[in-house]
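Hi,

Here is the structure I said I'd pass on. Have a look at it first, and my notes on what turned up follow below.

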Amino acid sequence: MLNGEIEKMKSSSSSSFFQDKTHNYNKKERCLNMVMLPPFFLSSLLVTVIFILFILYSPNPLKAMSKLDLGQTLDLIKPPNTTFLGDHDEILNCDLSKGHWIPDLQGSLYTNSSCTTIPTSKNCFHHGRKDRDFLNWRWKPDRCHLPRFDPKTFLEFVQGKKLAFIGDSVARNHMESLLCLLSKIYFQVETPKDHYQDSEDRKRVWYFPGHDFTLMILWTKFLVDGEERVVNGSTSGIFDLHLDKIDKEWSRDLPALDYVVISDAHWFFRPIYLHDDTGVVGCVYCNNPNVTDFGVGFALKMAFRSALNHINCCKKCKVRVTLIRTFSPAHFENGSWNTGGRCNRTSPLSEGEIDLSSNEWELRGLQMEEIEKARIEGNKKGKRFGVLDVTRAMLMRPDGHPGEFWGNKWMKGYNDCVHWCLPGPIDVWNDFLMAILGREAALVS
């Protein structure tokens, strides 16, 4: 498209020039034309050179510009909305999960140099990743504009509050992304204090004294109580889940929290025996003819139901808003994590290239069902429940994982296609967080 515009400009300027030359001007007029020619010629040449340099050195996402319609193209130059909710009515009535990735000339809001809290396993550039084009994409909902995350506005909103991410290592990945976006080094807002870290680094607390804001990760495998079986003094890889008991590793901190983001899933893909107060009621991958295998979906659904019911029934809790972040898909290709699977793509997929009949999409659906049940019950008690529905967007981002660039010296040869590079596509989860948290908090009675 840009090449065509250049040719048009060349043709137009050349045509005017040669037409002037062929006119039968008198001598005086010809002399005037000779005087005026150099500036005109130089300006045309300058414009042509600028366009050529623009094509040669622009970020690769511009290669996709010809595929975008006019509305998508305008989104590239639309100024970000700096209010917390943007257009309140627009966000309130918009499904943020339905959309597409568009080229983003601004790129990431931080770097692996500006954010000093990136864990080494997510610092993909540090471990040798060379391509950077995967940073130059932005999620665009089909029917509205999703405001870009603004750290100053976010900190003002959560002033005096406590926000916890509850879940597995991908939940931690999300918290680490938010911490980078709030980094003082880049945004000059304020530097958080590393307030607390337990002996296993499963509970981590950061404190922003200027805003009296506490950010934490409460790590849990299953949300509910789960224990790995020990056989002959060794771990077995088989777990017992008690669906009627909440994991105390996060539930003990719940009464002090104002906002909660719950997510979980990846630990459920292993042999599990499911218990209620009567005993074993089923299993996952147990290969036991005497026990019904209900599958991953059932176990995940029941764990989320127990966790959300606990929040709804917690009378001493002051949680204003609970959000579920939907399933974050892995992208192993040509094998699984332990059979040579890789994730070495360098650009997003289109919506037509993802499978909405996949197991990942099914798990997302089960989570959506549980959050709706919790929302109905919560409305009776003045509690708000919402969803960060990121599954569709992240199904399109196989390019965003560490892959081989995660620096794990104990698992050389294995690829991490579960977690996400920092910076990377996961940062859009905090665009979702800012919009949805503000929307739900505004509706708290």
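Let me start with a hairpin: β10 and strand β11 (residues 279-284) form one, with two residues between them. The two strands pair in the antiparallel sense over five bridges, and L274 stands opposite G282 in β11. Bear in mind throughout that this is a predicted model.

Strand β8 (residues 234-246) runs parallel to β10 and is joined to it by four bridges, with D240 standing opposite Y273 in β10. How many of the five residues of β10 are buried? Four of them are, so to speak, under cover, and the strand is mostly covered. Y273 has one more contact: the charged end of R229 sits over its ring, 4.3 Å from the centre.

Now the aromatics. The count comes to 15 aromatic pairs. One of them is F157 with Y259: the ring centres are 5.9 Å apart and the planes are at 20°, so this pair is stacked. F157 belongs to helix α5 (residues 151-157) and Y259 to strand β9 (residues 259-262), so the pair ties together parts that are 102 residues apart in sequence. F157 counts as partly exposed because its relative accessibility is 25%, while Y259 is buried, with a relative accessible area of 2%.

F269 and F327 make a tilted pair, at 6.4 Å centre to centre and 40° between the planes. F269 lies in the loop between β9 and β10, and F327 in the loop between β12 (321-325) and α10, so here the parts tied together are 58 residues apart in sequence. F269 counts as partly exposed at 37% relative accessibility, whereas F327 is buried, with a relative accessible area of 5%. There is also an aromatic cluster, formed by W219, F222, F239, W267 and F268.

Which residues come closest to the centre of the largest pocket? First its volume, which is about 1500 Å³. Of the 47 residues that line this pocket, the closest to its centre are H266, F332, D416, V418 and H419. Helices α6 (169-181) and α10 (359-379) each supply at least two residues of the lining. By type, the lining divides into 20 nonpolar, 13 polar and 14 charged residues.

That's my list; over to you.

Cheers

Conventions. Residues numbered from 1 in each chain as written. Predicted model: local features only at pLDDT ≥ 70, side-chain atom pairs only at ≥ 80, totals over all residues. Heavy atoms only, no water. Buried < 20%, exposed > 50% of the residue type's maximum accessible area, 1.4 Å probe, protein only. Pairing = 2+ DSSP bridges. 1 Å grid on protein atoms, 1.4 Å probe; cavity = no way out; pocket = protein on both sides within 12 Å on 5 of 7 lines; lining within 4 Å. Points joined across faces, edges and corners; volume = space filled by probe spheres on them. Nonpolar A, V, L, I, M, F, W, Y, C, P; charged D, E, K, R; others polar. Phe/Tyr/Trp six-rings, centres within 6.5 Å; stacked < 30°, edge-to-face > 60°. Lys NZ or Arg CZ within 6 Å of the ring centre and 35° of its normal.
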